[in-house]
Amino acid sequence: MASRDHDRPAEAAAPGVRVAAVCLVVLACVAPLFCSSYHLFQLTLVVVYSIALLGLNLLTGYGGQISLGHGAFYGIGAYTTGILMQHAGMPYWLTIPCAGAVCLVLGFLFGLPAVRLEGLHLALATFALGVVFPQILKTRGIERITGGVQGITLAKIEPPFGLAISPDQWLYCVALATALVLFVAARNLTRSHTGRVIVAIRDRPVAASSVGVDTARYKSLTFGLSAMYTGIAGALGALVVQFVGPDSFGVFLSISLLVGVVVGGLASISGAVYGALFIQFIPNVADDVSKAAPSAIYGVVLVLSVYLMPRGVAGLVRRLTGALVARLNARASGHHAAPVSPATPVTQTKEGS
Amino acid sequence: MEALLHQVFAGLASGAVYASLALALVMIYRVTHFVNFAQGELALCSTYVAWAMVNAGVPYWLAFVATLGMSFAMGVLVERVVIRPATRAPALSVVIVYIGLMVILNSVAGWVFGYTTHAFPSPFPEEPLFGNHYLGSHEIGTIGVTFAMLGVLYAFFRFTSLGLALRAVADNPESSRLVGIRVERMLALGWGLAAAVGAVAGMMIAPIVFLDPSMMAGVMLYAFAAALLGGIDSPGGAVAGGFTVGILENLVGTYVVGTELKLTTALALIVGVLIFRPAGLFGQPSAARV
């Protein structure tokens, strides 16, 4: 699964991808004009989840470390917003960076001991965090702040400057703008020196540390950044749902996020969008069949993805567009032999022992 | 003093369950080098089967034995169908498969048996044994059943050639294959045994925590903590870790943090072990050949 071709060669080379991305952004911008308010609500959550998935993908896809507790960081972000708005009277927009900062610090601190060890231990520690988090929120000592089992209900936010749009539309714009900034930042990060180091630690930890990379520091940093993205998503999610409660942030959320990353495509920026669409809409549909159906589908999809679709939907899309571009190129240049598709993955190297 | 002793003994009983589950985790870790996240949900399915049989009028101990057999078969099946194809996959993929398996088994249990909470029968008498007032008879029975099972397992691994072959596969699969051991068969056997051990744990804890699909989440967290504390590759350590965690959980829950934060003890323990003694109390520090 650890795809060696982190998506630089593919996405940079295929001009179609850039066009598609621009089209998608334009489509996302005009969508609120045509949506009912319920569909807009769902669409806003898709944007929110895509930020969270992007965060988890930085850790799991690029960093190669699994987290089963990102639901907790999503929850920490949401509660930061809820508490700051409720008890400190802070304006909603200021709580979003605050949530990011809180999660960055907490994620870094949690990652510090856990990532010194192999990935399995991190999976265990984060799983424990994910299971325990709702219980911590309900603790009587901090009930006054967290609202205990009742949670916190948030006020609806109003569009500024007397703009003639509904609060839902404004919130969608805020989420979309945040997502765009964070997506561009993540894309640049993965192509920067730091991004290369993160991938190098994933693929060849010993080699990376031999050339002087402080692997523990970079791993904690990745964990912190990942938690920050997820925390910002949590803050936006709290504003969208207008409620934070302990049971929204249990293990199921953590597993949903993992499913989203795996389905969307590990180590792929665009995968976050596909994953977010999946975890927003599939459980809704499945819920009509049976209460157990959403998680049954999640489980089956997790196992099948590993065997049948290790690069997720993003990998499939890349392969399809690659084939399409190759055919168009062939037709344009009049050759019958299709040239090598620019999206063909770099040959996979076998994992050395 | 009396209350303290009471807590310690109650901790021993739940510790017996954690010890069994931790042992099952270690058995699978030793042959696969992965923590079986689905262990608890395997035990959950077994417990539901036992419950269905007892409800249908099957005598308890007959249902108990039948459940062990069924769990063994389930473990073998899971290894064959889900785990074996992932043998050569990267570590991240394998962990994802285990998580997927955990989610699938949990939803199957919920789908088939529903999400309402059921009482699970205890095979032991209502009144305390031997006139003591520290321990209920279900607690004593749990400890007894666990020790009986540990004895059988010890004898199996120590005195039978099949047990020896299984240990050989865990230590060195390549050499075992060269001396003629059917490694695949041993892996399946290991999974079957671990599933059966987990089933015993499930049937022993169900009368205490009641049977519903989320029953094992908390229990498994203690079992993870127990296995890590003892050393994830040490069977003896897992048992010792299980009892330690059981007692700690009760004492810390009663005297330090309160019952609400009991489960947080498991998180603190897991993180604490990982920071201060990653190999656990009895485990081998891991070293990788470069």
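The legends below describe close-up views of a predicted model.

**Figure 1. Overall make-up of chain A in the predicted model.** Chain A contains 15 helices and two strands. Of its 353 residues, 51% count as buried. Among the contacts in chain A with a separation of 6 or more, 77% are accounted for by residues 24 or more positions apart.

**Figure 2. The interface of chain A with chain B.** Contact is made between 42 residues of chain A and 40 residues of chain B. On the chain A side, the elements that give two or more residues are α5 (92-114), α6 (119-138), α12 (251-264) and α14 (293-308). The largest share of this side, 13 residues, is supplied by α6(A). By class, the residues of chain A that touch chain B comprise 30 nonpolar, eight polar and four charged.

**Figure 3. The largest nonpolar core and its most connected residues.** This core has 201 residues, and those with the most contacts inside it are A:Ala128 and B:Ile270. Leaving aside neighbours within four places in sequence, B:Ile270 is in contact with A:Leu124, A:Ala125 and A:Ala128 of chain A, and with B:Phe224, B:Ala225 and B:Leu228 of chain B. In soluble globular proteins, nonpolar side chains tend to be buried together.

**Figure 4. Packing of α12(A) with α15(A).** Two packed helices are described by the angle between their axes and the distance between the axes. Helix α12(A) and helix α15 (residues 312-333) of chain A pack at an angle of about 15°, and their axes are 3 Å apart. Because angles under 35 degrees count as roughly parallel, α12(A) is roughly parallel to α15(A). The residues that make the contact are A:Val262, A:Val263 and A:Gly264 of α12(A), together with A:Gly312, A:Val313 and A:Ala314 of α15(A).

Figure 5. Helix α8(B) covers residues 183-209, and its 27 residues should span 39 Å at 1.5 Å a residue. The C-alpha atoms at its ends are 38 Å apart, which agrees with that expectation. Since 21 of the 27 residues of α8(B) are buried, this helix is largely enclosed by the rest of the structure. Just after α8(B), B:Phe210 adopts a positive phi of about 70°.

**Figure 6. Surroundings of B:His118.** B:His118 is placed in the loop between α4 (91-113) and α5 (137-159) of chain B. It counts as partly exposed because 17 C-beta neighbours lie inside 10 Å. Not counting residues up to four places away in sequence, B:His118 touches B:Trp51, B:Phe210 and B:Leu211. B:His118 and B:Tyr48 are 70 residues apart along the chain, and their C-alpha atoms are separated by 9.8 Å.

**Figure 7. Helix α10 of chain B and the position of B:Tyr255.** The 22 residues of helix α10(B) (residues 235-256) should span 32 Å at 1.5 Å a residue, and the 30 Å between its end C-alpha atoms agrees. B:Tyr255 is found in this helix. With 11 other C-beta atoms within 10 Å, B:Tyr255 is exposed. B:Tyr255 and B:Leu4 are 251 residues apart in sequence, yet 9.3 Å separates them in space, C-alpha to C-alpha. After α10(B) comes B:Gly258, which has a positive phi, near 90°.

Definitions and conventions:
Residues numbered from 1 in each chain as written. Chains lettered and ligands numbered in written order. Predicted model: local features only at pLDDT ≥ 70, side-chain atom pairs only at ≥ 80, totals over all residues. Contact = placed C-beta atoms within 7 Å. Helix = DSSP H or I, 4+ residues; strand = E, 2+ residues; numbered from the N terminus. Nonpolar A, V, L, I, M, F, W, Y, C, P; charged D, E, K, R; others polar. Axes fitted to C-alpha atoms, helices over the stretch in contact; angles between N-to-C directions. Parallel < 35°, antiparallel > 145°, perpendicular 65-115°, else oblique. Buried ≥ 20, exposed ≤ 12 C-beta atoms within 10 Å, placed from the backbone. Expected span 1.5 Å × (residues − 1). Core = buried A, V, L, I, M, F, W, Y, C linked by C-beta atoms within 7 Å.
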